[in-house]
Amino acid sequence: MNTGTRGSTVRPYQSYVYAYPHKTAYRPLADRPALRELWAAEPKDALSLYLHIPFCEVRCGFCNLFTRIGAPEGLVTAYLDALERQAGAVREALGEGARFATAAFGGGTPTFLEAAELERLCDIAEKGMGADLAAVPLSVEASPATATADRLAVLAGRGTTRLSLGVQSFVDAEARSAVRPQRRADVEAALARIREAGIPVLNIDLIYGIDGQTEDSWRRSLDAALAWRPEELYLYPLYVRPLTGLGRKEAGDREAEGDAEWDERRLRLYRSGRDHLLAHGYEQVSMRMFRAGHAPAAGSGDHACQTDGMVGLGCGARSYTSALHYSFDYAVEMREIRGIIDDYVSRPAADFARAEHGREMTGDEARRRHLLQSVLQAEGMDPAEYRARFGTDPAEDFAAELARFAARGWLDPDAAPERLRLSAEGLAYSDALGPELFSPAVRAAMAAYDLK
Ligand SMILES: C[S@@+](CC[C@H](N)C(=O)[O-])C[C@H]1O[C@@H](n2cnc3c(N)ncnc32)[C@H](O)[C@@H]1O
Ligand code: SF4
């Protein structure tokens, strides 16, 4: 375990910073600003489009994403109708010059939609928003049971370049223990269908730190994944969060293992997983992401949705301008999620022309975001780019934080001054380092949300 300068122990798994600020720091926007004004002065020639599908066949024990189990009769159609209304309102607000450089369908599980519904989703992106799906990178998330041949054929036909499959574990007992009901045979069959569909990039998500998982069984999952020669692999440390199935059920078991032991086990599994993938010719892109040598040249880094200029459609999607991040309300608890989805599908088009919930990127937030987005990547940050963008020096703006990280051995001294780059240890501690860069205001807003 890493010890700080004062001998204190730093816990490695605090939070996954996949976007800054986190949605729990968003608040209702009193004046409900018009999207037309928010977007008026923004560059719109290379936007990212994100469509969120908040449906899954099951609710996995570890998952706190914004999604519900199944959809009663008519809800998927009503959701697509609402997406179409939202697309119309948002496109009008963006104006003539909007061009999309990337697109993604996420969730939940976008492949929960049937083939004809996926066609309609693609039509909303193309005809509704004007994205040329055949010409830009299109990434889609899927689960094994929903990755059926007919749905994959639609996605491949409409230009999907990356299919990300949540596998979590190839060991059936581990899937059960994570409350992820699936069998390895079904996972293998789904992978065969994805390869058959000919989508250029396959990503496989795996989780380490599951109860009962050992270094051996982790290696078996990694090898089972490697057998498919995936272009990308994401290795996620298990987080057990409040209000999730595991959070409710396993509080007692976790105490039995002890937090410190669990941290140590996840760190060991991280290191052995990382070394195994590096030995198989994979490049480490971030703590979680690994890219194969045979993968097509990357268009974007770890999570394209971190760039400015994001247009999100759907009730769980975020949108980003340089001055404001916004979305609809957010929840983890199932009843609240269902309420937010029902509310979303009943909205008239005019509602979608305004931002309701969000956080302004005032003060030094853009600097923090820039640093977080780049320093958590294995290649690190170019200080010259930061200086060109903000006119200040990151070494001065973040002197205290960087001194602390250096004292803990989290920075690579050989990379300086050309790059600000994490050491191998720093990358391993990404989920502790990231939250230390949050502003006091964001930290306070997140803490207040947790107390709700
Ligand atoms: C939207 S899901 C992927 C697609 C699809 N819904 C599925 O589960 O197959 C995003 C990924 O985040 C990871 N994930 C979500 N919650 C997690 C948690 N609490 N701990 C670790 N990984 C988690 C899982 O690996 C999951 O595949
Ligand atoms: S992990 Fe994927 S399939 Fe499971 S509940 Fe979360 S989004 Fe749905």
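Close-up 1. An oxygen atom of ligand 1 is found 2.8 Å from an N or O atom in the side chain of R180, while a nitrogen atom of the ligand is 3.1 Å from a backbone N or O atom of G108. This is a predicted model, in which local features need pLDDT of at least 70 and side-chain atom pairs count only at pLDDT 80 or more, whereas totals for chains, interfaces and linings use all residues. Residues are numbered from 1 along each chain as its sequence is written, chains are lettered from A and ligands numbered from 1 in the order in which they are written, and side-chain values use heavy atoms, with hydrogens and water left out.

**Close-up 2. The shell around ligand 1.** Ligand 1 is surrounded by 18 residues, the closest being F62, Q168, R180, D205 and Y239 (a residue is near if one of its heavy atoms lies within 4 Å). At least two residues of this shell come from each of strand 6, strand 7 (162-168), strand 8 (201-208) and strand 9 (232-237), where strands are DSSP runs of E with at least two residues and helices are runs of H or I with at least four.

Close-up 3. S143 sits in the loop between strand 6 (138-142) and helix 4 (149-157), and with 12% relative accessibility S143 counts as buried (under 20% relative accessible area, with a 1.4 Å probe and protein chains only). The side chains of S143 and T146 are joined by a polar contact of 2.8 Å (a pair of N or O atoms within 3.5 Å, one able to donate a hydrogen and the other to accept it). Leaving aside residues up to four places away in sequence, S143 touches T109, T111, L165 and R180, contact meaning heavy atoms within 4.5 Å.

**Close-up 4. The aromatic pair of Y386 and F390.** The whole structure holds 17 aromatic pairs, and Y386 and F390 form a tilted one, 4.9 Å centre to centre with 55° between the planes (ring centres within 6.5 Å; planes under 30 degrees apart are stacked, over 60 edge-to-face and the rest tilted). Because Y386 and F390 are four residues apart in helix 13 (residues 383-390), about one helical turn separates them. Y386 is buried at 0% relative accessibility, and F390 is buried at 17%.

Conventions:
Buried < 20%, exposed > 50% of the residue type's maximum accessible area, 1.4 Å probe, protein only. Phe/Tyr/Trp six-rings, centres within 6.5 Å; stacked < 30°, edge-to-face > 60°.
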